[in-house]
Amino acid sequence: MKLPITVGEAIRGATVEVPTPVGTVKVNIPAGAQSGQRLRVRGKGVPAHGQSPAGDLYLELMVRVPKEKIAQEVIDKIDRAYTEDVRKDLRL
């Protein structure tokens, strides 16, 4: 399941509520979370062939950025927080 999170939740970490086949559960998002990162929620997935116990639920984090205009100084401050080139390992 893809789980959208805010930039703030990704940076500082958060606890968010997530719907599962067995009801809503609280999931801890670790500080420094990245888009594409996967989290496992043990025992909250779909039971295999209708049997118990339920399997694990996997969440894929998706950091969502606001569509509305953000103050340039806020964007600049975030950009300065990067300590390394985010594309340093990019290869064809």
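This is a predicted model: local features need pLDDT of at least 70, side-chain atom pairs count only at pLDDT 80 or more; totals for chains, interfaces and linings use all residues.
Let's begin inside. The largest nonpolar core has 14 residues, and those touching the most other members are Leu3, Ile5, Val27, Ile29, Leu59 and Leu61. Five strands each supply at least two residues of this core: S1 (2-6), S2 (14-20), S3, S4 (38-41) and S5 (57-64). In soluble globular proteins, nonpolar side chains tend to be buried together.

Leaving aside residues up to four places away in sequence, Leu3 touches Val16, Val18, Ile29, Leu59, Glu60, Leu61 and Met62.

One of those neighbours, Glu60, leads us on to the charged pairs. The whole structure holds two salt bridges. Side chains of opposite charge can pair when their charged atoms come close. Glu60 pairs with Lys2, and their closest N and O atoms are 3.3 Å apart. Because Glu60 sits in strand S5 and Lys2 in strand S1, this bridge ties together parts that are 58 residues apart in sequence. Glu60 is partly exposed, at a relative accessible area of 29%.

The other pair is Arg40 with Asp56, whose closest N and O atoms are 3.7 Å apart. Arg40 belongs to strand S4 and Asp56 to the loop between S4 and S5, so the two tie together parts 16 residues apart in sequence. Arg40 is partly exposed, with a relative accessible area of 40%, and Asp56 is partly exposed too, at 33%.

Finally, look at Gly23, in strand S3 (residues 23-29). Gly23 counts as partly exposed at 29% relative accessibility. The C-alpha atoms of Gly23 and Arg42 are separated by 13 Å, with the two residues 19 apart along the chain.

Notes:
Residues are numbered from 1 along each chain as its sequence is written. Side-chain values use heavy atoms; hydrogens and water are left out. Helices (H or I, at least four residues) and strands (E, at least two) are DSSP runs, numbered from the N terminus. Buried means under 20% relative accessible area, exposed over 50%, partly exposed in between (1.4 Å probe, protein chains only). A nonpolar core is a set of buried Ala, Val, Leu, Ile, Met, Phe, Trp, Tyr and Cys residues joined through side-chain atoms within 4.5 Å. Contact means heavy atoms within 4.5 Å. A salt bridge is a side-chain nitrogen of Lys or Arg within 4 Å of a carboxyl oxygen of Asp or Glu.
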